[in-house]
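Subject: Structure handover

Hi there,

Here is the structure I promised to send over. Have a look at it first, and then read on for what turned up.

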Number of protein chains: 2
Amino acid sequence: MKRTTIKDVAEAAGVGVATVSRVLSGGSASPETRERVLAVAAHLDYRPSALGRNLRQQRTGGIGLLVPDLTDTLYGRLAEGVLACARSAGEPVVVGSTGDDPEQEAELIGMLLEQSVDRVIAVPSGDAEVWGPAMRAGMTVVFVGEQPEQEPGDDDPLDELLLLDGVRSAPRPDSAIPTVLADDRSGVRTAVQYLKGLGHRRIAYLGGPGHPRRVAAFRQALGPLADEDLIVFAGGSRDSAYAAASSLLQSHRDVTALLAGGNPLGEAAVLASRELGLRIPGDLSLVMYDDVPWAELCSPPLTVIAQPGQDLGYRAAELVLRAGARRPRGVLLPTELIVRGSCGPRP
Amino acid sequence: MKRTTIKDVAEAAGVGVATVSRVLSGGSASPETRERVLAVAAHLDYRPSALGRNLRQQRTGGIGLLVPDLTDTLYGRLAEGVLACARSAGEPVVVGSTGDDPEQEAELIGMLLEQSVDRVIAVPSGDAEVWGPAMRAGMTVVFVGEQPEQEPGDDDPLDELLLLDGVRSAPRPDSAIPTVLADDRSGVRTAVQYLKGLGHRRIAYLGGPGHPRRVAAFRQALGPLADEDLIVFAGGSRDSAYAAASSLLQSHRDVTALLAGGNPLGEAAVLASRELGLRIPGDLSLVMYDDVPWAELCSPPLTVIAQPGQDLGYRAAELVLRAGARRPRGVLLPTELIVRGSCGPRP
DNA sequence: CTGAAAGCGCTAACAA
DNA sequence: TTGTTAGCGCTTTCAG
């Protein structure tokens with residue numbers, strides 16, 4: 001099964017290959033020739049091979065997407081956003097799942113490098129190191145949803161962003177990697193204020209790997225009420241999340257409110273409190289990061305901080321496709337506190 | 001920023017390019033030469049370009065994955081399965097989201113063709129037609145989770161499969177596209193038996209696009225109790241699912257049990273019955289297709305038919321990677337009825 | 001406006 | 001065991 005090549009088309013149309021190439025990429029040609037070439041190409045069902053083109057142009061043209069886990073609906077939505085944008089640009093997307101593990105992330109980056117995929121969107125797994133090779137190779141990288149690391153003490157760089165048509169952005173120094181983020185700070189602050197307003201004083205945070213900005217925002221929003229003992233972290237697995245939730249709730253019975261910094265963490269919190277006989281929101285108020293369709297179906301319906309998952313992906317894709325052009329240093333998308341039934345006044 | 005090529009390595013090592021190629025792909029070479037080449041390659045941080053190799057070999061080596069919607073956790077898990085298998089084979093995965101729309105599916109197939117991705121795993125969106133070009137181009141295709149269409153009257157082809165280490169499989173005629181499926185028939189049958197056993201007689205089915213096997217199994221399992229009026233289909237969107245559920249429950253108040261043929265459908269059913277003041281399981285018993293972490297957190301916890309999402313993907317990837325070899329015509333993975341709290345005796 | 005020809009990086013035949 | 005060489009399909013000068 002031999003594939004139709006440009007040469008076949010050229011011969012069949014009685015022109016040179018260069019002419020065919022020109023016609024197909026919108027170059028100049030006499031209307032007459034153009035017509036004939038197009039007709040022949042259509043008739044032969046000719047599809048230019050990306051292989052040849054890519055080799056010639058030294059780039060794949062596709063875009064890479066690295067997320068921690070497609071099972072997490074947030075990343076599912078994010079991926080859909082990226083795919084939507086990529087499709088409208090006609091670009092293929094190579095997807096990798098890192099499991100939030102820098103090692104796997106590095107491996108996937110290597111794979112993309114090998115494929116000459118020179119544009120990548122990634123939810124970085126924390127270790128900035130692994131991106132060295134990518135940068136050195138001149139990859140266009142856009143981070144989304146996370147920042148690789150936060151210089152301790154360094155103030156949040158995105159704070160300087162300006163509000164611009166509903167979204168904040170600013171010119172970026174060439175060194176930094178553009179980043180698309182949800183406004184965690186504001187989301188967390190709103191949630192904490194809400195809980196404080198309900199009278200809660202012992203408010204815990206249950207986090208997973210990553211999301212340093214959420215934790216920082218949590219500490220800041222809580223101010224003097226913050227207690228490091230009430231800030232706990234689980235690993236990436238569901239078991240680990242459950243264990244962390246359970247142990248937190250068991251060893252600190254005075255906790256009356258909990259902010260779960262992610263979806264799986266929220267599930268774990270519900271399960272654990274149920275197991276411990278804690279009633280939501282009677283004994284424990286719960287706010288979960290990230291809205292999902294089923295949050296409403298839960299018992300009780302979960303109050304959540306919603307992130308625009310799809311938008312995050314779409315914007316990131318826009319950014320990475322606008323390579324070369326003057327791009328904003330970052331984009332900050334709004335979050336929203338959706339109040340349902342999982343929070344109540346302090347018991 | 002010029003990339004290091006095989007030529008650079010060859011020069012630096014004082015050998016020919018062919019030797020470098022051989023060494024790097026495990027061909028024969030004197031230990032001495034091999035050592036030197038490897039050392040030089042490592043020192044130069046050389047990465048063979050997939051572009052050159054692919055063009056030469058006339059294939060990309062990557063694998064394509066087409067799913068309806070990454071937002072649906074089943075497909076998220078499925079994708080994770082594919083990615084896991086692909087990673088262990090060192091293959092990149094190009095992902096596309098079809099939205100269950102044959103047109104988009106066709107477009108994505110075209111894109112893969114253009115990229116010379118010659119191995120594809122797909123959850124087909126129903127129209128077998130669109131796979132014509134792929135087959136003609138000699139693509140290795142594996143279907144997963146769905147079959148493109150069921151010849152009406154034709155008995156289920158997978159029924160002939162043999163049980164083989166916990167999984168059924170059989171040699172396939174070369175014409176058919178290998179397919180990895182969850183055992184819908186058995187899943188639906190079990191669920192229907194269960195509902196019948198609870199005394200239900202008016203059992204409805206709420207389906208989305210696709211899944212003809214589930215519907216067929218439903219009719220068959222219900223036997224004389226089947227009523228076409230109680231078998232309704234929604235489009236792909238959440239709104240459409242809700243509308244269908246709502247209208248079904250409103251116009252047939254005698255329905256006491258409902259089988260939701262998918263996750264979004266299940267959500268819709270819960271929402272709609274809540275809206276209509278129907279209590280689950282008091283007034284309506286509900287079984288939902290596909291288990292998800294939050295089914296347990298629902299109120300009440302949902303009884304579900306679980307599919308091994310990740311396995312489906314993994315097996316499909318195994319199959320597509322074993323191209324050329326004698327492959328089974330299909331794989332049938334077991335489903336499981338997980339009884340929780342959403343079903344009760346007929347009111 | 002068009003065609004001939006030179007590669008892009010790699011592998012596989014063929015020589016040595 | 002090695003090196004030389006011929007392309008894979010395409011784009012892009014460079015002549016005509």
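A word on terms before the residues: buried means under 20% relative accessible area, exposed means over 50%, and partly exposed is in between (1.4 Å probe, protein chains only). Please keep in mind that this is a predicted model, in which local features need pLDDT of at least 70 and side-chain atom pairs count only at pLDDT 80 or more, while totals for chains, interfaces and linings use all residues. Residues are numbered from 1 along each chain as its sequence is written, chains are lettered from A and ligands numbered from 1 in the order in which they are written, and side-chain values use heavy atoms, with hydrogens and water left out.

Salt bridges between the chains

Over all chains, the search finds 26 salt bridges (a side-chain nitrogen of Lys or Arg within 4 Å of a carboxyl oxygen of Asp or Glu). One of them pairs Arg47(A) with Glu114(B) at 3.9 Å, N to O. Arg47(A) sits in the loop between helix H3 (31-43) and helix H4 (50-57) of chain A and Glu114(B) in helix H6 (residues 102-114) of chain B, so this pair joins two chains. (Helices are DSSP runs of H or I, at least four residues, numbered from the N terminus.) Arg47(A) is partly exposed at 30%, and Glu114(B) is partly exposed at 23%.

Glu114(B) also meets Arg53(A) in a salt bridge, 3.5 Å from N to O. This pair too crosses between chains, with Arg53(A) in helix H4 of chain A.

What does Arg47(B) form a salt bridge with? The partner is Glu114(A), with the closest N and O atoms 4.0 Å apart. That pair runs from the loop between helix H3 (31-43) and helix H4 (50-57) of chain B to helix H6 (residues 102-114) of chain A.

Two domains in chain A

Chain A is divided into domain 1 (58-154) and domain 2 (184-307), with bounds from an automatic or database domain assignment. Their centres, taken over C-alpha atoms, are 28 Å apart. Between them, 9 residues of domain 1 are in contact with 12 residues of domain 2 (heavy atoms within 4.5 Å).

The rule finds 1 salt bridge across this domain interface. Elsewhere in the list, Arg77(A) and Asp290(A) meet in a salt bridge at 2.9 Å, N to O.

Happy browsing!
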